[in-house]
Amino acid sequence: MANDWVEAMRAGDFARAWAINARDFAAASHPPKHTGPRHLQRIWRGEPLADKHVLVRCYHGLGDTLQCLRFMRPLRDVARSVTVWCQAGLLPMVECTAGVDRALALHEGTPGADFEVDIEIMEVPQALRVGREQIEMRTPYLTLPPRSASASVDCESLAVGLVWKVGQWDKRREISTDLLSHLAAPGVELYSLQEDAALEELTQIGARDISTPDIATLGHLLRRLDLVICVDTMVAHLAGALGCEAWVLLHADCDWRWPSSGGRSLWYPSLRLFRQKTAGDWSAVIPELREALDLRARALQWFA
C-alpha cells in the first residue's frame, strides 16, 4: 500500500486518501473480477451505487469487516438494497446492523443473492467518499444478539480481559506472556480471551481462561469486563464497535487505521492506544501500561 495513502489515512485526511485511491485505480490494469486470491481482488470498478441492489463482499479479515460495518447505513441511504456476504461468525451481528437488508454467510462458492453492483466492504468508504463525520462514530454501531448463557465474569476487582496473539498476518503485533505477567496486581483480576492459550501461558500471566470461539458470546464477555487489553487484532475492533473500553498495544510501524502518534483513534473513541517507542521492544510499553492499570484499579476502588 502506497506510503502517501497510508500517511493520509493515519492523518485523518480522508479526501486526500480517496483521491489517491482514484488516481491509482485509473492507472491500474485490472484482471477480470472475482479472479485470484480474494483478499487481493478489486471488486468495485466505479459503477454507480445509487438506486442499485448492492452486494457487499467481505473478503478481508474479521476486524476489517467489523470496522467497515459503520458504512452500511450510509450505503443504504443511496442504494436500493444492501446484501452483505460476510464471515459466518459475524452473521448474527451483521443481520442486526443498520442499513443491511439481508446478510448471508460467506463460503467458497458464489453468493446466493441477486444484485446489480458488487463491492468489497473495504471499498465502500472510498466509493461513498466518506468524511470524518461518517468515520468518527461517537456511539456504538454494533448490535449483539441476545446471549444464550451467562457471561462468566464475576468479581469485585477490576476485571481485565487479555489478548496477546494474532493470526499469521504480521506477527510483530504479538506480545510475550512473560511481559504480560507484570500486569498482575492487587485489585486486578486477569481473564484470558485468547483462544487456544496453553495452560503454561495462563499460569505465567495469572489469568483465568474465559475464551470462546463464538464472536457474539465474546462480545457479551467484553461488555461484562471492565477493560480489555489487547494487541491489534479482531478483538480491538469488536470492543470499539461495541463501545467497550479497550487498551490496544501497537507495534512501532502500526497499521494504516491507527494514527501515527497519540493515544486515541478517530475510528473508536472507547479505545486507548499504547505504542512501542522502538520497533520490537514491548518492554518499554509495560511500565506505562502497568501505571495506567494501577490508576484504573484505584479509581474503581475509590468509587466502589
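**Close-up views of a predicted model**

**View 1. Helix α10 passes helix α11 in a right-handed crossing.** A crossing is called right-handed if the near helix is turned clockwise from the far one by less than a right angle, and left-handed if anticlockwise. This is a predicted model, in which local features need pLDDT of at least 70 and side-chain atom pairs count only at pLDDT 80 or more, while totals for chains, interfaces and linings use all residues. Residues are numbered from 1 along each chain as its sequence is written, and side-chain values use heavy atoms, with hydrogens and water left out. Helices (H or I, at least four residues) and strands (E, at least two) are DSSP runs, numbered from the N terminus. Here α10 spans residues 215-224 and α11 spans residues 234-242; they pack at an angle of about 65°, with axes 10 Å apart. The axes are lines fitted to C-alpha atoms, for helices over the stretch in contact, and angles run from 0 to 180 degrees between N-to-C directions.

**View 2. Which residues of α10 and α11 meet?** From α10 come I215, L218, G219, L222 and R223, and from α11 come M234, V235, L238, A239 and L242. Sorted by type, the residues of this contact are 8 nonpolar, 1 polar and 1 charged. Ala, Val, Leu, Ile, Met, Phe, Trp, Tyr, Cys and Pro count as nonpolar, Asp, Glu, Lys and Arg as charged, and the others, Gly among them, as polar. Contact means heavy atoms within 4.5 Å.

**View 3. Now look at what surrounds the two helices.** In α10, 7 of the 10 residues are buried, so this helix is largely enclosed by the rest of the structure. Buried means under 20% relative accessible area, exposed over 50%, and partly exposed in between (1.4 Å probe, protein chains only). The buried residues of α10 pack against α3 (62-68), α5, β8 (227-231) and α11. Helix α11 is mostly covered, with 9 of its 9 residues buried. Its cover includes α3, β5 (158-163), α10, β8, β9 and β10.

**View 4. Among the 8 aromatic pairs of the structure is F14 with W267.** Rings of Phe, Tyr and Trp (its six-membered ring) pair if their centres lie within 6.5 Å; planes under 30 degrees apart count as stacked, over 60 as edge-to-face and the rest as tilted. F14 and W267 are edge-to-face, 6.2 Å centre to centre, with 85° between the planes. F14 lies in helix α2 (residues 14-27) and W267 in the loop between β9 (246-250) and β10 (271-275), so the pair ties together parts 253 residues apart in sequence. F14 is buried at 3% relative accessibility, and W267 is buried with a relative accessible area of 5%. W267 also pairs edge-to-face with W256, at 6.3 Å centre to centre and 75° between the planes. Ring pairs link W5, F14, W18, F71, W256 and W267 into a cluster.

**View 5. Two arginines lie over aromatic rings: R70 over Y268 and R272 over W247.** The charged end of R70 is 4.9 Å from the ring centre of Y268. For R272, the distance to the ring centre of W247 is 5.4 Å. A charge sits over a ring if NZ of Lys or CZ of Arg is within 6 Å of the ring centre and within 35 degrees of the ring normal.
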